[in-house]
Structure formats: structure tokens, C-alpha cells
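Please open the structure in your viewer and keep the selection tool at hand. The stops below are meant to be taken in order.

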Amino acid sequence: MCSRFSNLNMQFRSKMILSFFIVISLTAIIMGYSYYRIMSRELEDSTLQGLEKMTEQTVETLNLHFKTIANTGYSYFSDPSLQKFLDGPPNFDNEQYYRNKLASQKVQNPLISFIAITRLDGTQFSSYYYYNSTVKALLDRELEKLNAKALLMDGFPFWTVSHTTISTTVTPVKSISYIQLLKRITMNAQRPIGYIKIDMDPGVLENILLGLQNDHGSKYYIADRTGRIIFTQNKGDIGRSIAGSPLFAAYKQAARSNDYVNFRYMNKNKTYIGYYERLEAGDWIVLGSVPLDQVLQKVNTFRNILLIVAIISFLIAMLLASLIAAGVTRPLKELNKKMKQVEMGDFGATIEVKGNDELSTIQHSFNKMTSEISTLISKVYETELLKKEAEIKALQTQINPHFLYNTLSTIDSISSIDGDERVSYICIALGSMLRYNLNGGSLATVQEEITHLNQYLSIYQIRFAKLFAYEIDVEPGIEDLILPKFLIQPLVENAIIHGLEQKVGFKSVHVTIGSLNESSLKIIVEDNGVGMDPAMIELFHRKLSNPSDIVSRQSSSRTMIGLANVFRRIQMYYDSDPQVEIDSKPGVGTRIYFVLPKQTAGGDETDEGAHR
């Protein structure tokens with residue numbers, strides 16, 4: 001649960017880096033493992049094929065050398081001159097000739113370390129004379145045994161292990177020898193006449209096996225089928241049996257399964273690769289083994305290099321991922337910072353937009369949003385101030401001091417005459433108007449507004465007596481429609497104060513309220529006062545077309561306060577500009593024409609396009 005909670009509160013940059021880490025890790029692991037498996041298999045196969053090919057080449061080289069030695073022995077076996085020489089009486093010249101020939105043969109053929117021809121009577125002609133009696137005695141005893149075996153073979157050559165000497169030392173060393181019985185061959189019979197023994201140079205054999213044993217831990221032998229070692233680099237192992245070793249047991253198992261390529265076996269909890277190839281000489285085999293870890297050394301090296309490259313690549317990728325994440329999250333952090341400023345009420349916060357990507361679009365939208373919010377707040381604040389100011393002016397206009405002063409003056413003048421009923425009427429009308437004013441609410445019906453207007457105009461009629469008349473025409477059926485309170489009275493007051501009081505002679509006001517169509521209501525206020533000049537009318541229209549100026553400080557003069565108040569309250573109530581027309585001629589009078597949406601007491605407008 002805690003892990004889940006911390007994950008929910010993880011920063012966006014951390015989430016991006018974690019996402020990059022997961023994607024890169026999975027990709028690197030999958031690709032790296034697949035590549036490693038493929039390459040390790042390829043390297044292992046190529047290494048095993050190389051070892052197999054090397055073994056085959058070694059066997060081919062040995063077979064070639066054995067064949068060369070065998071051809072040399074057969075050349076002596078089939079030489080008629082040698083047969084006559086061995087079959088005849090001793091001859092010093094001939095003996096010297098063959099001694100020289102054998103020595104020359106040994107020098108010309110680097111495969112041969114020693115070659116000897118022996119008569120049946122034991123007389124020997126060889127490529128080298130042993131002056132050391134101990135060595136000579138050892139070699140003579142061994143040669144006697146080999147010659148006896150050759151006699152039993154009746155002319156068939158054989159290969160065996162025997163002692164020989166090399167030119168660098170007189171110490172006998174073990175090597176592989178070619179032995180064959182020599183015969184005098186005639187048309188009628190064949191009879192033994194001697195023996196030939198050719199020793200291979202052990203240095204040649206060592207060099208051949210050295211090519212196989214170039215890896216630490218690898219071992220190769222020339223062995224017979226019983227497991228006796230014929231030749232190996234370690235001279236002390238020649239003649240020893242490996243029949244009980246894991247290598248030979250695995251070889252026997254592989255031979256039974258006809259696996260002539262390679263085989264694997266375990267020895268002391270370590271895996272080895274075994275190889276064997278048959279030789280043409282003596283029915284021998286070349287048998288060897290290599291530790292598997294040596295075979296896979298290239299694979300392990302490749303694995304380590306791949307791991308290092310993967311780690312370096314991963315670190316570089318994560319660094320790039322961090323830089324990319326920082327490039328993405330830096331604008332988001334800036335956006336988050338500015339949004340917090342907006343939360344704290346600073347709507348002037350803006351972001352410097354750089355680039356043309358999606359984040360730049362978001363930043364541009366944020367700047368536009370804050371600008372619009374700031375503008376909207378300014379408008380709302382201004383509207384509230386204007387509303388308060390309009391309400392104050394409306395209160396001032398509803399019962400202005402000038403009217404109250406004139407009314408009180410009228411009451412004072414009439415009160416001097418006892419029993420005048422006009423005082424009572426004025427007092428009652430004034431009380432009704434005050435109650436209407438203090439009744440609260442901002443809406444009234446057409447009937448209530450007309451009643452208030454009648455009371456207002458009746459007081460003026462008492463004041464001006466026969467010099468003033470008024471008329472109110474109301475279309476039947478609209479008495480219950482809703483209007484903003486004190487909507488018509490300020491217009492009539494403006495007409496009386498600024499149009500009629502300055503006029504000499506008869507004064508009149510005509511108010512008309514009726515339907516313009518099914519959804520609109522028309523209100524007309526007309527007077528026959530002094531009127532207005534064109535400049536004043538233009539000023540009226542200009543101010544009416546500029547809502548921000550209609551209730552400005554310049555419009556607070558008494559000549560426009562009534563019209564400005566009505567216009568602004570219509571704006572606030574109907575959320576739209578009213579349709580207003582002003583017609584006036586100097587000395588003739590003024591006509592103000594209003595069009596408003598119809599609205600019932602339930603609040604529903606008959607015109608769906610109008611809204612509050």
C-alpha cells in the first residue's frame with residue numbers, strides 16, 4: 001500500500017526516467033541475452049570445429065609421416081641389391097656403402113632419427129654407431145626382441161614403441177618405430193635375410209602434438225585400442241595405460257555411439273571436450289581432451305565485453321534519458337510553478353514560450369488563459385463597482401433632493417390655507433412612493449411601476465396646476481410583466497427637470513408601454529420641453545454605445561444621470577445592451593424609445609434569445 005502511495009506521488013520526471021529505465025532495461029536484456037546466446041553458440045561451434053579440424057589435420061600429418069616411413073621401409077624391402085647383399089657373404093665395400101646410404105637417408109629425411117638393417121646373424125648396419133656400451137647393450141636387447149616379433153610377422157611390417165637416440169644427446173628416448181622382416185624374393189621361394197628398423201624422430205612427434213596442446217589443461221595421446229599410451233609429450237607417460245581414466249571410458253562410449261566428432265565427460269566436477277581420430281599405423285588412435293572452459297574462453301571473453309558494453313550503453317542511455325526527461329519536465333515545472341502563483345491569486349503570471357512543440361502550445365494556452373482570467377476579473381470587479389455606483393445613483397435618482405425640496409415647498413405653501421385637501425393627497429402620494437422605494441427588491445410589475453409613476457406625476461401636476469398635464473398609455477394584458485424597479489420614473493424625471501421646467505407655457509409628458517412583438521416590450525417617454533441640440537444627442541448616442549463610459553465620472557452630471565442609470569441597470573439585468581433611440585428637436589421636445597425583452601413573474605422570458 002505504501003509502495004502504491006509513493007508511486008502515486010512520484011514526480012513526473014522520476015516516472016519518465018523510471019519508464020526509460022524499464023524500457024531500456026528490457027530491451028537491453030532481451031537483445032543482449034539473445035545476441036549473447038547466438039554469438040556464444042556460434043563461437044562455441046566455431047571453436048569446437050576448429051579443434052576438430054586441428055585434430056583431423058594432426059592425424060592427417062601423422063598418417064602422412066607414417067606413410068613416408070613405411071614407404072622408406074618398403075623401398076629397402078623391395079631393393080634386389082640389398083637382398084643380394086644380405087643374402088651373400090660379407091663384403092666390406094658393400095657394408096660401407098650401405099652404412100653411408102643409411103646415414104645419408106637419416107640426414108635427408110628429418111622424420112627419421114635412427115635407421116638400422118640387421119642380418120640374421122646379428123650383424124648390424126646403421127645410420128649411427130653407439131659408442132656408449134650401456135646404451136648399445138640396451139638397444140641391442142630391445143632390437144633382439146623386436147626382430148623376433150618381426151620374424152613371427154613373416155614380412156608384414158608393424159609399428160611399436162622403442163628406444164632411440166637423437167643427435168643432441170646419447171640418452172635413449174622412447175619413440176615410434178617401424179619394424180619389418182627382410183626377405184630374399186626369388187621366382188621359386190622367399191626366405192628371411194634380415195631386419196629393418198626405422199625410428200621416427202620424437203621431436204617431430206612432439207611438434208605435431210604441441211599444435212594440439214596449445215591450451216592450458218589440454219592433453220593429447222597416441223594410444224592403442226587397449227588404452228596403452230604409444231606417444232605423448234610427457235615421456236614418462238609413454239607405455240602407461242589410461243584404460244581406467246574418465247577420458248578413455250568416455251571414448252569407448254562415444255565409439256559405441258558412432259560419435260566421431262567429439263564427446264563430453266566429467267572429471268572432478270569439471271567438464272571436458274574429448275576428441276579422437278583413428279591412425280592408419282598400428283590401428284592406433286589420437287585421443288585428447290580440452291577443458292570446456294578453455295573452449296568457451298572466447299565466449300566468456302565475449303560475454304564480459306558484451307556486459308561491459310551493455311553497462312556503458314545503459315549508463316549513456318540513462319544519462320540521455322535524464323536529459324530528455326529534464327527537457328520535457330523543465331517546462332512542466334515552470335508551468336506548475338506559474339499555476340501555483342495563479343492559485344495564490346497572481347493572475348499576471350506568464351511563461352516565456354520557447355519552441356513550437358506541444359508543450360509550447362500548452363504554455364501559450366496558459367498565458368492566454370491567465371490573460372483572459374485577469375481581464376475577466378477586472379471586468380467583474382469593474383462591473384461590481386459600476387453596479388454599486390449605478391445602484392447609488394439609482395437611489396439618488398429615485399427620490400432626488402430637488403423633487404423632495406419642491407414637494408416640501410408645495411406642502412409648505414398649501415399648508416397655509418386651512419382645509420386644503422391637496423396637502424393630504426401629496427402626503428399620501430409621497431408616503432406611497434417612499435414605501436415603494438423602501439419596499440426592497442429590484443423588480444416590479446408593469447402595474448406597480450405605473451402606479452408609482454402616477455403618484456410621481458400627480459404631485460407635479462398639483463405643483464404646476466393647469467400648466468402641466470401627463471398621459472400614461474398601457475396596453476391591456478401586459479400589467480403582470482416584470483421590469484427592473486424605477487426603470488421609467490428616472491426618464492420622466494429627466495424630462496420634467498431638463499425639458500419642462502425650463503419651458504414657458506403649457507408642459508406635457510406622454511408615457512407609452514406596449515408590445516412591440518410577441519417577445520419584446522416597447523417603452524416611450526415623450527415631452528414637449530425645450531429639447532436638445534444635435535451635439536447633445538450625439539453625446540448621448542456615443543455614451544450609450546460605449547458601456548464602459550456610460551457610468552463614468554463624466555456621465556455623472558444631472559443632465560444624463562437618469563438615462564445612464566436606466567441603461568446600465570438594463571445591461572446588468574438582461575445581460576445585453578438595450579435598444580435605445582433618442583429623438584429631440586430644440587423648442588419642440590424629446591422622445592426616448594426603449595425596447596426590452598418580455599419577462600413574466602415566473603422569470604421565464606417569452607423570447608428564448610434573451611437571457612438574464
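What follows is a tour of selections, each with a note on what is there.

This is a predicted model, in which local features need pLDDT of at least 70 and side-chain atom pairs count only at pLDDT 80 or more, while totals for chains, interfaces and linings use all residues. Residues are numbered from 1 along each chain as its sequence is written, and side-chain values use heavy atoms, with hydrogens and water left out.

**Aromatic rings**

Begin by selecting Phe 66 and Trp 284, whose ring centres are 6.2 Å apart with planes at 75°, so the pair is edge-to-face (rings of Phe, Tyr and Trp, the last by its six-membered ring, pair if their centres lie within 6.5 Å; planes under 30 degrees apart count as stacked, over 60 as edge-to-face and the rest as tilted). Phe 66 belongs to helix α2 (residues 12-77), whereas Trp 284 sits in the loop between β9 (271-278) and β10 (285-291), 218 residues apart; helices (H or I, at least four residues) and strands (E, at least two) are DSSP runs, numbered from the N terminus.

Next, select Phe 248, Tyr 251, Phe 263, Tyr 265, Tyr 272 and Tyr 276, which ring pairs link into a cluster.

**Annotated spans**

Now select residues 16-36 and then 305-329, which an unreviewed UniProt entry lists under "transmembrane region"; such annotations may be inferred rather than shown by experiment, and UniProt positions are given in the numbering used here, with feature names shortened. Residues 16-36 are 100% helix and 0% strand, and their end C-alpha atoms lie 29 Å apart.

Then move to Leu 319, which is in helix α9 (residues 297-343) and counts as exposed at 53% relative accessibility.

**Two loop residues**

Select Asp 154 in the loop between α5 (133-153) and β3 (158-166); its phi is near 55°, a positive value in a residue other than glycine, and Asp 154 is partly exposed at 43% relative accessible area.

Finish at Asn 269, found in the loop between β8 (263-266) and β9, where phi is positive at about 60° although the residue is not a glycine, and where the relative accessible area of 79% makes Asn 269 exposed.

Key
Buried < 20%, exposed > 50% of the residue type's maximum accessible area, 1.4 Å probe, protein only.
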